[in-house]
Amino acid sequence: MRCNCYIPSGCAISGMMSESGERMDGNAIIRSIALMHDRSNGLGGGFAAYGIYPRRADQYAFHMMFDNMEAKEKCEEYFNGTFDVVLDEKIPTRPGAVFEEDTSGRYPEYGTQPIINPPILWRYFIDVPEDKTKFISEREYVVENVMDINSNVDGAFVASSGKNMGAFKGVGYPEDIGVFYKLDEYKAYIWTSHGRFPTNTPGWWGGAHPFCLLDWSIVHNGEISSYGINKRYLEPFGYKLELRTDTEVVAYLFDLLVRRHKLPIELAVKALAAPFWKDIDKMPENERKIITAIRQVYGGGLLNGPFSIILGHSRGMVGFNDRIKLRPMTCARKDDMLYMASEESAIREIAPDLDEVWSPRAGTAIVGEMNGEVEA
Amino acid sequence: MSSQIPPEFTVIIDYDRCRRCRRCVMNCSFGCMQFKDKVVPEHKKCVACHRCVTYCPESAITIKKNELAYKENANWTPEMRQNILKQAETGGILLSGMGNPRPQQILWDHMLIDACQVTNPSIDPLREPMELRTYLGRKPNHLDFTRGENGDIELGTTLQPQVKLDVPIVFAAMSYGAVSLNAHKALAMAAKKSGTLMNTGEGGLHTDLYPYASNITVQVASGRFGVHSEYLNTSATVEIKIGQGAKPGIGGHLPGEKVGDEISRTRMIPVGTDALSPAPHHDIYSIEDLSQLIYAIKEATDYTKPVGVKISAVHNVAAIASGIVRAGADIVTIDGFRGGTGAAPMVIRDNVGIPIELALAAVDQRLRDEGIRNNTSILCAGSIRNSGDVAKAIALGADAVVIGTAALIAMGCRVCQKCYTGNCAWGIATQKPELVRRLDPQLGAERLSNLLTGWSHELQEILGSLGVNSIESLRGSRERLRGIDLDEQTLNLLGIKPAGIGQ
């Protein structure tokens with residue numbers, strides 16, 4: 001099922017977050033991404049949702065895609081020696097789902113491409129056995145095994161591997177994918193979504209966005225022109241970049257900079273979408289020192305090329321653009337809600353009455369942070 | 001024994017045009033032009049330096065290859081036969097100046113650069129910022145941050161010294177002795193003007209150049225000429241020279257006749273003595289010895305300057321470079337088999353070492369595999385001919401490139417390969433005062449700066465067409481290179497795909 005070609009793509013992205021931690025069902029995010037239907041071409045769509053498994057919040061939720069039963073068995077064998085699987089079940093779906101039929105039916109032009117031929121979609125709630133983490137942190141252990149499964153277990157793909165979150169993605173229009181995965185039945189405090197316009201046919205469900213590792217999720221509109229060096233920069237740190245999607249490097253870079261190197265997220269964004277030297281030279285001394293060092297040390301991680309990205313993680317959501325804003329992104333706030341989308345219309349569609357709407361400057365991170373506890 | 005070697009060139013004077021101004025006679029530093037009622041060339045002495053051709057006001061001089069000097073033979077080429085004749089007459093080692101001129105494959109010319117179309121936009125460097133700034137020096141693998149008392153984020157890591165380059169191109173090591181003081185001055189002024197570095201080579205630093213300290217790399221080579229505490233500290237970086245691409249494993253020799261007052265003082269040797277650089281450093285017989293010298297220099301400069309090591313590209317260059325980085329070098333300079341020289345035994349220059357493209361690719365990959373690529377900067381030397389070569393070298397993994405011959409050509413050099421004779425008609429590779437003064441340092445500096453400016457603009461165009469706006473997004477990005485007419489093994493060694501393969 002894996003396509004070995006690299007797929008440049010254009011896209012639509014949308015994200016919404018309740019900073020107070022209130023959970024909302026998936027209808028709104030589906031409507032938001034559906035409005036940008038024309039930005040996708042039916043070859044990929046997906047969602048990331050945070051807060052969907054409150055009763056299993058302590059376990060890593062592995063959303064898996066398998067080509068066939070053999071791959072599933074092989075992967076389960078792999079899990080046997082590696083993790084304690086507390087619960088495993090089929091991910092509920094509506095086969096043949098289309099947005100038009102299963103929701104309000106407001107968009108008659110939609111629904112011409114029902115979701116068919118999914119891989120085997122299964123989820124596993126997993127504990128890491130204590131004896132496995134004597135010499136390595138638990139999260140590092142999970143990362144290593146995710147990498148291992150993706151590269152070495154034929155026909156198996158880890159779509160997401162975080163706690164109390166999950167990725168729902170596949171080949172099709174995003175609104176149809178949302179209906180297919182019954183997202184109207186989940187409640188989350190952060191939703192991000194992605195509609196894809198790849199310029200050739202991947203036919204591979206794993207290649208859709210969001211791209212996830214641990215609780216990181218990335219939806220990304222654009223192309224990383226610096227992919228070549230970003231990949232070579234990450235490899236010595238143990239990341240295996242075999243999915244041939246440039247979005248992968250964004251997720252790994254955040255994992256490296258924030259989780260492993262412990263950079264504050266704002267500074268990680270400064271490394272990935274760095275300010276220009278002409279501006280750095282004018283900064284106050286402390287800031288200039290910090291940003292100069294970041295550019296000197298993390299030059300290999302600088303993301304170049306056109307992009308707008310929404311990063312999700314369990315405590316928040318971060319949106320940012322490339323250094324000269326070659327892809328669109330609009331942000332908005334209403335009460336405790338933060339919205340980000342490729343187009344303002346996608347936000348107005350679900351929240352017509354907003355407190356504030358703005359287009360963030362190039363390279364500036366818009367950070368949504370949880371200020372409350374997640375509603376159970 | 002009278003020489004049987006036929007002249008290499010024929011000098012043709014158009015007597016109809018010649019006004020007998022004798023300018024060619026004055027300009028020829030090889031004694032080829034004589035005046036006997038009219039200009040009479042002695043063909044044998046012509047080296048095709050084109051000084052007379054350039055300065056003849058009537059364009060009356062043409063220099064041609066002496067076509068039938070030798071009967072044609074694809075195997076026994078004129079050069080082969082000339083060399084044998086020379087050695088039969090002298091019994092000596094054949095000397096030559098400049099880099100290897102032989103027609104081995106030039107790998108730069110077998111690499112092509114990518115560009116953006118539709119899915120990612122190209123960027124217009126005339127409208128958008130396009131950054132070439134590069135910092136040389138050892139970088140840590142990660143940074144630590146702390147919260148200050150007022151809650152501000154502060155940098156917790158102290159970085160080792162970093163040297164800023166405005167263009168990722170530095171001037172190669174060429175010693176005062178091999179080249180003239182005016183050439184050194186031109187290089188230093190241009191380095192300052194263009195925000196880059198010149199390199200003293202192993203001949204010390206003339207006091208006239210002390211004001212340019214922040215744009216100078218001072219070299220410590222096996223002869224230790226001119227090395228003293230003030231010298232080490234009058235610099236932006238210090239370089240330990242182990243090897244040179246044109247003559248790996250070979251030392252150097254500045255004949256006593258070139259050692260006048262100024263060179264004597266600068267090199268700290270008596271006037272008229274030969275300056276012999278031994279093949280190895282006699283205090284470096286192993287990697288641990290090198291490490292001691294690196295740290296001795298760091299101590300002497302109070303850890304304020306990056307200390308680099310220059311090696312020639314030999315078969316095992318990747319492992320050697322790795323050892324050098326682990327020994328403490330903040331910069332590794334690799335000089336390929338086409339690298340230039342003032343004088344080298346021809347047999348070494350033409351037969352020893354490996355192409356810089358392969359060496360660079362191997363070193364960069366090896367350092368990444370070992371997780372120490374960030375701990376050093378890589379400088380790539382050995383025949384960088386244009387900005388396309390620069391872009392390709394950086395894409396293969398170099399932090400910056402080094403230009404020697406290109407810089408000399410910018411100053412007027414015609415690549416006649418007679419640097420070792422001391423007769424350079426262009427005032428570059430000579431110590432004769434009447435020749436040295438032909439090179440105006442101001443003008444030389446302007447020409448050098450112009451070259452760097454031109455190449456910078458071209459690099460910016462290349463970056464823009466690649467859809468990136470900073471040089472670090474090209475650095476090591478081999479995905480943006482493709483090979484043509486290369487075998488699979490070479491492609492693998494370069495770490496690039498053949499043209500025709502997409503992403």
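Predicted model: local features only at pLDDT ≥ 70, side-chain atom pairs only at ≥ 80, totals over all residues.
**Chain A: a charged patch**

A:Asp67, A:Glu70, A:Glu73, A:Glu77 and A:Asp154 together form a negative surface patch. One of them, A:Glu77, sits in helix α2 of chain A, which spans residues 69–82. The relative accessibility of A:Glu77 is 59%, so the residue counts as exposed. The cut-off for that class is over 50%.

B:Trp76 belongs to the loop that links β4 (61–65) and α3 (78–90) of chain B. Its relative accessible area is 45%, so B:Trp76 is classed as partly exposed.

**Chain B: a buried asparagine**

B:Asn199 is placed in strand β12 of chain B, residues 198–199. With a relative accessible area of 5%, B:Asn199 is buried; the class requires under 20%. What does the side chain of B:Asn199 contact? It makes a polar contact with the side chain of B:Glu239, at 3.1 Å. A polar atom of the B:Asn199 side chain also lies 2.9 Å from the backbone nitrogen of B:Gly201.

**Accessibility by residue**

| Residue | Relative accessible area | Class |
|---|---|---|
| A:Glu77 | 59% | exposed |
| B:Trp76 | 45% | partly exposed |
| B:Asn199 | 5% | buried |

Note on methods: Residues numbered from 1 in each chain as written. Chains lettered and ligands numbered in written order. Heavy atoms only, no water. Patch = residues over 30% accessible without salt bridge, like charges linked within 9 Å, V, L, I, M, F, W, Y side chains within 5 Å. Areas by Shrake-Rupley, 256 points an atom, 1.4 Å probe, with all protein chains shown as cover. Salt bridge = Lys/Arg side-chain N within 4 Å of Asp/Glu carboxyl O. Lys, Arg positive; Asp, Glu negative; His and termini not counted. Charge placed at Lys NZ, Arg CZ, Asp CG, Glu CD. Helix = DSSP H or I, 4+ residues; strand = E, 2+ residues; numbered from the N terminus. Buried < 20%, exposed > 50% of the residue type's maximum accessible area, 1.4 Å probe, protein only. Polar contact = N/O pair within 3.5 Å; in protein donor to acceptor, adjacent residues only side chain to side chain.
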